[in-house]
Structure formats: C-alpha cells, structure tokens
Amino acid sequence: MFLMQIRLWNTNLIVRLFGEALFNMLVWMYFPFIAVYFGNALGNDIAGMLMTVPPLFSMAGSLIGGALADRVGRRPVMLMGAALQTLMFAVFAMSPSHWLDYAAFIAIGFGGAVYRPASTAMVADLVPAQDRRQVFATFTTANNIGAVLGPALGAVFFFHYRQELLWTCSIILLLYFIAIYFIVKESMPTGERSAERSSPVGEIWKEQWKGYGVIFRDKVFLVYILAGIFALVAIMQLDLYLAVYVTNYVPAQALFSWEEGELMLTSTEILGWLLGLNGLLFVLFILPVTKWLRHWKERDVFIMSSLLSGIGTFALGFSTNLWFLFIVTIVFTFGEIVRSPVMQSFISHYAPEHARGQYMGADNLQYTIGRFLAPVTVFLSAWIPPMGIFSLILLSALISVVLYVQLFRIYPASSKQ
C-alpha cells in the first residue's frame, strides 16, 4: 500500500525521495563523527570553537537558496546546491590539510543549505495542503533510514576508509545531479517565473532582500522561529550533550546476560545503540504517527513535541541504567517524530505562494540558530553537573511551549487547518 501510494506521486518527488534517501545514508556515515575527527586533528578546544562556524554559513546558504528559489526557480537552485556539494566532497577526499578539510566541510553544509529551501518549496508546489503532512513524513522516513545504519557503518568507514567514503558521497551526488538535470521539472508557479526573468539582476536582489525584511517583520513568523529555536536546542542534544554524558558518566554494562556469559557494551557502544534506536524509531513510526495525528491541531502537536523532548531528555539524569536510557530515548525521540512533518506543513501553507522559497529559507534559521546555540550545553558542562545541564535543556523546552501557546493566540490554528 505504501509503495503504491509513492507510485502515484509526481516524478519530481519520486526522484528526490530516492536520491535524498541514498545520500542521507552516506551523510550519517560521516556527520556524527566530524567533531571527533577535528577534535583529534586540531584539539578539542579549537574544534569546539570551529564547530560554531558552519551553522552561520548554513544560515546564509538558507537565505540565499530561498531567495534564488523564488527568482530563478526550484530546479536551478537544487542543481546549484548539489553541484557545490559534489565538488566539495571531492576536495575533502583529496585534501592534504585538516584546514582544507574544514573549509570543504563548511562548503558542503553551505551547499546543502542552498538546496533545502528549493527542495521543500517544490513539495509545497506539487502537493495539496491536506496531503503535505504525509508526504513530508515520507521524506523524513526515507532520510532517517540512514540514521539507523549510518553511525554503525561510519564508525568503521569514516576512520579507516575515509577517503573512499568521501569519494562515494561525491559520486552519488554527481549521479543525483544528473538525475535532477534530466528528469526533474520546474515546479515554480509560471506567472512568478516569467515576471522575475524580465527583471534586471540588481533589481531582483534588491526586491529579494526587501522581501526578507517583510518576512522578519512578520510577528507570527518571528514567534514561530523563536519557539522552534528553543524547541530544537532540546531536540538537538542527542549528538551533543547526550554524547558527552553517556561517554563520561554511563558505565560499561551488560545488554543481555545468560548462563554462559553476557553481552557487554562500552560507553561509546551504548551511545551508538541509543543513536541507532533513535533512527530506527523514526523509520518505523513517523508515518503511522503522522497518520494518527493528522486531525490534531498544529498547536497541540508542537506543544506535545516540546514537552516529550524536554521531559525525556531531563529524565536521562535520573539513572545510568542501560534499559532506562532506552526508555527515555523513546520518549524524547517521539517528541522529535511528531514535530517534523507538522513543522514543514505549517510553514508551507503559512507562506504566500509568491514567496514560498523565501519563507522556506527563513524557516531553516531555526535549525541553524538552534544548532549554533545547542552546543552551549557541552561548553557549560565543564562547570555545571549533569542534572544542571538537563534542567537547562528542560527549561529551553518549556520556553518553547510558552512561545507556541503565544503563537497560536495571534495565529489561530483552526483558521489554517
């Protein structure tokens, strides 16, 4: 039934679904270990500072990508982002210097940020509003399949066969670029496209940045972004403070015991199991959960998401027992699962059609700012004990709840359902 539904999709969406899913699996083979790689190469103190820079470039990439998506079209911007990532993975693979590695890593993130607003806008262009949650959930499922196998495979391939892995990423992206070029068709509304092509380039950019000024004076949108930032600070701790906490405070222990022995896991192996469980839950449950919640108001889903992720993460501090950690991982993962498709559908129907790419680009700011702020928990952990850090994470989630309540007071959810 699921595959039958996908077969009925527009060809653009099918190509993107399989292309992005394949590439995302490769991303999960290197991304969770990139901070460790630069920490080993340059020192943890330098690496910690360096890892705050990529989100700033991603922020710029999202704004530029959103701007271009509304001016030159979705397809050219997607091609631009894929081409840049293809080239930079090749540079990373051939690099003789850790600093060139770092520059390539930043450029890969920038290329991905340019690509995403156009990609998301294309879904909104092609899918009726009532079906968007389910379609976005399908993309999230495909993208998270890699999160199940990626970290386990990457622990071997990234550290022992890094060059081969990076070349594989470059080749897969090149093939995806070719598929976009020959198969994917433009989805931007025709009237907007023809109007913009008749304008001088300088006038286009002037109007584009003027458009962003209008967006950032949009009170509803600003509250939405602020709420998302505080929610994501809590959600993003899985590969930040959670990794530090598990490796430093959770002792090696048995996963299973039997008469003749036991299966022991080290702290780092426990972290790998938690990451794998998080990805597996996404793959198995995001579609059924999205279907189950399809009649819920967006307000209620956002609030439930923040509460589950905040309370679940806070509960981690109460015990280092492996099975307890699995249970609370399930709790905070469901907080992330219920949020993802609803967040994308909210902004896709809130954004006016003529500025859809811009709104998608500006929407990504909550990710980039959240990713910029989230590592502060790791920094503060040098002075604050674990329960103090977990309390700050819970506080961030509760602030997001208050902001979501305020958001839907000024923008009633019922008016957009």
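**Ground rules**

I am working from a predicted model, where local features need pLDDT of at least 70 and side-chain atom pairs count only at pLDDT 80 or more, while totals for chains, interfaces and linings use all residues. I number residues from 1 along each chain as its sequence is written, and my side-chain values use heavy atoms, with hydrogens and water left out.

**Entry: salt bridges**

**Entry: Arg16 and Glu20**

I looked up this pair and found Arg16 and Glu20 joined by a salt bridge, 3.2 Å from N to O. Both residues sit in helix α2 (residues 11–27), 4 residues apart, or about one turn of the helix. I take helices as DSSP runs (H or I, at least four residues), numbered from the N terminus. Buried or exposed? I checked Glu20 and it is buried, at 13% relative accessible area. Arg16 is buried too, at 2%. My cut-offs: buried is under 20% relative accessible area, exposed is over 50%, and partly exposed is in between (1.4 Å probe, protein chains only).

**Entry: Arg74 and Asp125**

Next I looked at Arg74, which makes a salt bridge with Asp125; their closest N and O atoms are 2.7 Å apart. Which parts does this pair tie together? Arg74 is in helix α6 (residues 74–94) and Asp125 is in helix α7 (residues 98–126), so the link ties together parts 51 residues apart in sequence. I have Arg74 down as buried, at 0% relative accessible area. Asp125 also counts as buried, at 19%.

**Entry: Arg299 and Asp300**

Here I found a salt bridge between Arg299 and Asp300, with 2.9 Å between the closest N and O atoms. Arg299 is partly exposed at 31% relative accessibility, and Asp300 is partly exposed at 30%.

**Entry: the nonpolar patch**

Where does the largest share come from? I traced it to helix α9 (residues 162–182), which gives 7 residues. Tyr181 lies in that helix, α9, and is partly exposed, at 46% relative accessible area.

Technical notes: Salt bridge = Lys/Arg side-chain N within 4 Å of Asp/Glu carboxyl O. Helix = DSSP H or I, 4+ residues; strand = E, 2+ residues; numbered from the N terminus.
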